[in-house]
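Please open the model in your viewer and keep the selection tool at hand. The tour below goes from one selection to the next and says what is there.

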Amino acid sequence: MEERPETELISIPATPDTQTPSGQRSPRPMSVKEGGNKSSTAWTPTSFISPRFLSPIGTPMKRVLVNMKGYLEEVGHLTKLNPQDAWLPITESRNGNAHYAAFHNLNAGVGFQALVLPVAFSFLGWSWGIVSLTIAYFWQLYTLWILVQLHEAVPGKRYNRYVELAQAAFGERAGLWLALFPTVYLSAGTATALILIGGETMKLFFQIVCGPLCTSNPLTTVEWYLVFTSLCIVLSQLPNLNSIAGLSLIGAITAIFYSTMVWVLSVSQQRPPNVSYEPVPLPSFSASIFTFLNALGIIAFAFRGHNLVLEIQSTMPSTFKHPAHVPMWKGAKVAYFFIAMCLFPVAIGGFWAYGNLMPSGGILNALFAFHSHDISRGLLAITFLLVVFSCLSSFQIYSMPVFDSFEASYTSRTNRPCSVWVRSGFRVVYGFINFFIGIALPFLSSLAGLLGGLTLPVTFAYPCFMWVLIKKPAKYSFNWYFNWTLGWLGIAFSLAFSLGGIWSMVNSGLKLKFFKPI
């Protein structure tokens with residue numbers, strides 16, 4: 001009989017299921033403890049049930065063992081789970097599927113940043129604009145595939161968060177420092193920018209709908225920020241990432257609709273006179289270089305959302321027969337097909353319609369400035385309302401990693417799950433912190449190029465490094481060279497785009513503004 005590896009199963013004593021704040025129960029799994037000997041191939045709970053092992057056994061016993069093998073493969077692979085994960089909003093519920101993955105990725109991948117892509121084209125021109133947008137799209141699609149594959153790169157371990165995977169690749173301390181700042185900055189910075197954009201868009205919507213009938217004192221812009229923040233806080237009371245799948249679906253649908261509406265309405269109207277497709281002339285060579293880099297940073301910022309990939313995948317069940325990366329990649333492919341159908345028409349159609357006359361606020365401001373008298377108030381109001389719904393939905397998914405970090409700190413200190421009141425308190429405080437940051441730094445939503453540069457490694461560089469350090473392809477092979485090259489190019493582009501964004505921010509004439517009332 002074939003000799004099996006010396007492996008000991010340590011069963012955990014029967015304990016009551018863990019009750020989570022949302023009312024779901026998460027059983028505590030068994031763990032595997034490896035012995036001293038290591039086999040050349042990875043051992044699984046059913047590896048000893050081989051045809052050679054079954055051959056001398058009678059048919060009834062063989063049938064029992066085969067059924068047990070199928071059961072073990074169906075139930076899972078004895079992944080070592082942290083009991084604390086059952087208390088946290090990202091991993092509290094693991095009943096996600098490919099549909100949820102598509103909704104979440106689409107909601108995170110399409111947003112207000114798409115509307116300023118024509119601004120980048122006005123500084124890059126046709127050739128550089130289309131080439132850079134295409135390269136960025138396929139580059140980030142490749143790094144997305146890397147993150148999906150690395151979620152369970154080590155047998156028996158699931159990397160449920162971007163920071164966890166970075167720590168596994170770069171080391172505990174280095175991974176924390178490299179990944180924590182850009183991911184938190186991307187999540188919290190995007191949430192603050194969404195408050196500014198959502199509040200300003202609500203004000204424009206009210207002005208369009210109310211029109212000349214508004215004789216009372218209207219709300220100020222800051223008061224509209226407060227209204228939008230309050231709506232975000234109410235929606236943020238949904239307990240976990242799976243529970244906001246419906247909101248992500250609404251956000252995805254509204255983003256597709258308003259992206260399509262703005263470019264269709266723009267190209268269907270007569271173009272403004274003296275439209276030119278040459279890059280915007282600048283007074284000096286250095287100004288041209290920094291503006292070019294800032295425009296590339298805007299394109300990089302359009303592909304944010306990779307800091308949420310592992311979190312989305314962690315909401316799915318994973319077994320030997322049905323690993324989580326299969327539905328995740330299936331949903332991601334659908335999502336990024338629609339993302340391409342939104343980003344490319346907006347960038348190309350917007351630049352064709354307005355050329356280098358594109359306002360710094362993007363295609364929505366151009367539509368309002370050039371065609372507000374040609375398009376019915378109803379269509380404009382619907383477009384602005386869809387932007388508001390999309391911002392409300394995007395706020396929830398980008399804030400979820402921050403909520404998870406808050407609750408992880410609390411549960412690690414108290415060794416118990418957050419109560420409903422504690423969880424609600426965290427989210428109320430977070431919402432108003434973003435509100436006050438938005439008031440103190442009202443230009444934050446103008447920093448598309450700088451945000452793109454600072455957070456670019458999360459999408460374009462770190463995944464390539466992680467693949468080499470965890471998967472360890474053969475040294476000096478094509479795979480090895482390819483990923484190291486992409487990773488260091490991403491770091492170089494991050495530094496260059498950040499410089500371009502800082503220079504553009506300092507020069508107020510080139511500062512980008514989103515949806516400022518005209």
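Is Glu164 buried, partly exposed or exposed? Select Glu164 first: at 23% relative accessibility, this residue counts as partly exposed, where buried means under 20% relative accessible area, exposed over 50%, and partly exposed in between, with a 1.4 Å probe and protein chains only.

Before going on, note that this is a predicted model, in which local features need pLDDT of at least 70 and side-chain atom pairs count only at pLDDT 80 or more, while totals for chains, interfaces and linings use all residues. Residues are numbered from 1 along each chain as its sequence is written, and side-chain values use heavy atoms, with hydrogens and water left out.

Arg161 and Glu164 form a salt bridge, with their closest N and O atoms 3.0 Å apart; the term stands for a side-chain nitrogen of Lys or Arg within 4 Å of a carboxyl oxygen of Asp or Glu. Arg161 is buried, with a relative accessible area of 10%. Across the whole structure, a search finds seven salt bridges.

Next, select Glu407 and Arg423, whose side chains meet in a salt bridge of 2.8 Å, N to O. This pair links distant parts of the chain, since Arg423 lies in helix H14 (residues 420–440) and Glu407 in helix H13 (residues 377–414), 16 residues apart; helices here are DSSP runs of H or I with at least four residues, numbered from the N terminus. Arg423 counts as buried at 5% relative accessibility, and Glu407 is buried with a relative accessible area of 1%.

Arg427, at 1% relative accessibility, counts as buried.

Just after H13, look at Asn415, which takes a positive phi of about 60°.

Conventions:
Helices (H or I, at least four residues) and strands (E, at least two) are DSSP runs, numbered from the N terminus.
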